[in-house]
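Reader: Hi! Could you walk me through this one?
Author: Happy to. Here it is.

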Amino acid sequence: MDKEQIIAKICDCGLVAVVRAETSDQAIKIAEACASAGVAGIEITFTVPGAADVIKDCAKKFNNGEIIIGAGTVMDPETARTAILAGAQYVVSPYLSKETVTLCNRYRVPVMPGAMTIREAVECMEAGADIVKIFPGELFGPAIIKSIRGPIPYAKMMPTGGVSLENVGEWIKAGAVAVGVGGNLIGPAKTGDYESVARIAKEYIAKIKEARSKK
């Protein structure tokens with residue numbers, strides 16, 4: 001899938017599942033549940049040992065575009081390259097590493113470095129970020145998106161952290177192009193309840209669509 005298509009799919013759906021899975025089997029089951037609900041992509045974080053293997057297994061399983069497989073918590077270009085070779089279709093970082101952004105752009109892989117201030121957001125954009133990850137989102141809430149978009153209305157931002165079913169609509173109305181959701185979405189997977197993961201994902205997507213219709 002081409003870079004622009006990946007970005008468009010994420011933005012069109014508006015929801016990315018942040019997955020801290022301990023095994024490939026668990027990650028695949030979460031991805032299956034999310035895909036069935038219409039989630040655009042999952043983000044396998046590198047906080048989990050063996051994350052590259054999990055990404056590789058998921059990339060093999062979902063090779064028809066059912067759901068986009070990405071890598072999260074990518075701290076440096078070495079990890080980014082490892083993730084890309086494993087099959088990651090986009091890369092997410094909690095902060096701006098210009099070297100990581102350069103590497104991703106070299107291979108035409110969408111990259112989403114983190115920011116929490118207007119200055120950091122601009123630096124991400126100048127470095128070549130496709131989407132700016134607003135992180136940690138819970139520190140300021142949806143107001144941070146609206147504040148940044150005041151002077152920079154063309155900024156594409158995706159908050160992660162603190163996004164819930166109760167406030168996801170506010171994030172979208174504030175101008176977020178998508179949201180990243182971790183425990184609030186995939187929490188039931190810890191007990192093997194993947195049906196609840198799919199149900200919650202559908203609720204998120206419905207609230208995103210509702211908020212967009214009222215913008």
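Author: Let's start with a loop: Arg 108 lies between helix 5 and strand 5. Helices (H or I, at least four residues) and strands (E, at least two) are DSSP runs, numbered from the N terminus.

Reader: Is this a predicted model or something else, and how are residues numbered?
Author: It is a predicted model, where local features need pLDDT of at least 70, side-chain atom pairs count only at pLDDT 80 or more, and totals for chains, interfaces and linings use all residues. Residues are numbered from 1 along each chain as its sequence is written, and side-chain values use heavy atoms, with hydrogens and water left out.

Reader: Thanks! Back to Arg 108, what is its phi near?
Author: Phi of Arg 108 is near 55°, which is positive in a residue other than glycine. Because its relative accessibility is 41%, Arg 108 counts as partly exposed. Buried means under 20% relative accessible area, exposed over 50%, and partly exposed in between (1.4 Å probe, protein chains only).

Reader: And what about phi of Thr 73?
Author: Phi of Thr 73 is also near 55°, a positive value in a residue other than glycine. Thr 73 sits in the loop between strand 3 and helix 4, and at 21% relative accessibility it counts as partly exposed.

Reader: Which peptide bond is cis?
Author: The one from Phe 135 to Pro 136, with omega near -10°. Pro 136 is in the loop between strand 7 (132-134) and helix 7 (143-149).

Reader: Switching to the core: which residues touch the most other members?
Author: The largest nonpolar core has 85 residues, and Ile 10, Leu 15, Ile 42, Ile 44, Val 179, Leu 185 and Tyr 204 touch the most other members. Helix 10 (residues 194-213) gives this core its largest share, nine residues. A nonpolar core is a set of buried Ala, Val, Leu, Ile, Met, Phe, Trp, Tyr and Cys residues joined through side-chain atoms within 4.5 Å.

Reader: What does Ile 44 touch?
Author: Leaving out residues up to four places away in sequence, Ile 44 touches Val 19, Ala 27, Ala 51, Val 54, Ile 55, Ile 69, Gly 70, Ala 71 and Gly 72. Contact means heavy atoms within 4.5 Å.

Reader: Which residues of helix 1 are buried?
Author: In helix 1 (residues 3-13), they are Lys 3, Ile 6, Ile 7, Ile 10, Cys 11 and Cys 13. Their cover includes strand 1 (15-19), strand 3 (68-72), strand 4 (90-92), helix 5, strand 5 (111-112) and helix 10. Just after helix 1, Gly 14 takes a positive phi of about 90°.

Reader: Is Ser 24 buried or exposed?
Author: Ser 24 counts as buried, because its relative accessibility is 16%. Ser 24 lies in helix 2 (residues 24-37) and touches Asp 53, Val 54 and Asp 57, not counting residues up to four places away in sequence.

Reader: Last topic: at what angle do helix 3 and helix 4 pack?
Author: Helix 3 (residues 51-61) and helix 4 pack at about 30°, with axes 8 Å apart. Therefore helix 3 is roughly parallel to helix 4, a label for angles under 35 degrees, with over 145 roughly antiparallel, 65 to 115 roughly perpendicular and the rest oblique. Axes are lines fitted to C-alpha atoms, for helices over the stretch in contact, and angles run from 0 to 180 degrees between N-to-C directions.

Reader: Which residues meet there?
Author: Ala 52, Ile 55, Lys 56 and Ala 59 in helix 3 meet Thr 82, Ala 83 and Ala 86 in helix 4.
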